[in-house]
Amino acid sequence: MSALHVYYGPDALTAPAVVRRIGVGDAFAALREGFDDFRAMPSHLAFLAVFYVGAGIVLTSLSSFGGALQLVYPLAAGFALVGPFFAIGLYELSRRRELGLEVSYTDAFIVANSPALPSIVCLGLGLVAIFAAWTAIAEELYVWLYGPAAPTSAIAFLQDVFSTSRGWLLIGVGGGVGFLFALATLCLTIVSFPLMLDRDVGLIPAIEASLRLCRTSPLAVASWGAIVAGLLILGSIPLFIGLAVVMPVLGHGTWRFYRRAVERDPTHEHPATWPKAVQKPASYHATPHSLIFPLPQRQEDTERSS
């Protein structure tokens with residue numbers, strides 16, 4: 001696939017995205033709809049959410065035992081910067097439910113067949129770069145205030161942060177820098193990933209649509225950003241366990257927010273599909289054992305039964 005297709009998809013000029021003017025109420029309505037998706041597909045979401053919880057625990061463990069306690073908070077906060085990319089599978093589940101299609105947990109991985117996958121990956125790598133820059137700045141800020149020596153213990157470090165002037169300076173400056181990184185990420189991705197998944201417009205038009213929405217509906221975007229930040233804080237206490245619910249709800253809510261912000265154009269939607277040679281896995285059905293995932297039927301078993 002050419003680099004030009006990555007930046008500008010075939011629908012970039014012929015069917016540009018039309019951004020609506022939305023309000024604060026749309027942000028909260030998108031959250032309610034996202035929670036409704038979570039309730040309708042709990043086992044699928046629990047399966048995906050384990051990645052977020054596991055990643056949070058691993059980040060904390062690495063920082064705690066690797067002499068980098070000062071990076072626990074920056075890593076945990078920065079984790080939200082790459083969240084929009086890793087939630088791409090959740091957008092697909094909401095899209096399929098919205099269309100009235102059968103939904104299996106494996107449908108979250110159908111995005112690998114999306115025609116816009118190169119554009120999606122490109123923006124995802126951009127978020128990883130933003131995350132790396134935020135972590136590096138947080139480390140430099142700590143060295144500036146505390147010197148190169150790592151904290152000796154979590155208790156001593158927390159006491160120093162909350163009881164000294166340099167600790168409050170670290171909180172203030174670090175929080176301000178983190179806010180700028182979060183704001184930039186929000187503006188770049190508020191509808192970018194769902195739009196690229198839904199329509200093959202390319203990277204640049206998707207980002208432009210996000211920036212246009214921020215310009216025309218700043219209160220709605222700010223409200224959604226506040227909702228995301230607040231729920232992520234709640235979900236991170238304690239030990240990121242709450243993210244098992246928060247991340248799926250926010251992932252689905254992001255898709256619903258996108259639907260409210262960008263007008264649909266069914267003639268130019270390019271949903272990913274399973275290759276014809278691959279047997280579609282069994283669909284999820286609500287049963288008393290709804291937390292048990294159906295096992296995909298192997299191709300050779302299908303051929304034998306036929």
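**Figure 1. Contacts of Val 191 in the predicted model.** Beyond residues up to four places away in sequence, Val 191 touches Ala 209, Ser 210, Leu 213, Phe 257, Tyr 258, Ala 261 and Val 262. Val 191 is also listed among the residues with the most contacts inside the largest nonpolar core, together with Ile 190, Phe 193, Met 196, Leu 213, Trp 224 and Phe 257. This core has 56 residues, and its largest share, nine residues, comes from H12. Apart from this core lies another, of seven residues, which include Tyr 142, Leu 145, Phe 157 and Leu 170.

Figure 2. With a relative accessible area of 12%, Arg 256 is buried, because the cut-off for a buried residue is under 20%. Residues up to four places away in sequence are not counted here; Arg 256 touches Ala 30, Glu 33, Gly 34 and Asp 37, as well as Ser 94, Arg 97 and Glu 98.

**Figure 3. Val 18 in the loop between helices H1 and H2.** The loop that holds Val 18 lies between H1 (3-7) and H2 (24-40). Val 18 has a relative accessible area of 41% and is partly exposed. When neighbours within four places in sequence are left aside, the contacts of Val 18 are Ala 261, Val 262 and Glu 263. A separation of 8.0 Å lies between the C-alpha atoms of Val 18 and Ala 209, although these residues are 191 residues apart along the chain.

**Figure 4. Packing of helix H6 with helix H8.** The axes of H6 (residues 117-146) and H8 (residues 165-189) come within 10 Å and cross at roughly 170 degrees. H6 is therefore roughly antiparallel to H8. Residues of H6 in this contact include Leu 123, Ile 130, Trp 134, Ile 137 and Trp 144, while those of H8 include Arg 166, Leu 169, Val 173, Val 177 and Phe 181. By class, the contact of H6 with H8 has 17 nonpolar, five polar and one charged residues.

**Figure 5. The buried and exposed faces of helix H7.** In H7 (residues 154-163), the buried residues are Phe 157, Asp 160 and Val 161. Viewed down the axis of H7, these buried residues fall within an arc of 100 degrees, so they line one face of the helix. H6 and H8 are included in what covers them. The exposed residues Ile 155, Gln 159 and Ser 163 are carried on the face of H7 turned away from its buried side.

Conventions:
Residues numbered from 1 in each chain as written. Predicted model: local features only at pLDDT ≥ 70, side-chain atom pairs only at ≥ 80, totals over all residues. Heavy atoms only, no water. Axes fitted to C-alpha atoms, helices over the stretch in contact; angles between N-to-C directions. Helix = DSSP H or I, 4+ residues; strand = E, 2+ residues; numbered from the N terminus. Parallel < 35°, antiparallel > 145°, perpendicular 65-115°, else oblique. Contact = heavy atoms within 4.5 Å. Nonpolar A, V, L, I, M, F, W, Y, C, P; charged D, E, K, R; others polar. Buried < 20%, exposed > 50% of the residue type's maximum accessible area, 1.4 Å probe, protein only. Arc of directions from axis to C-beta. Core = buried A, V, L, I, M, F, W, Y, C linked by side-chain atoms within 4.5 Å.
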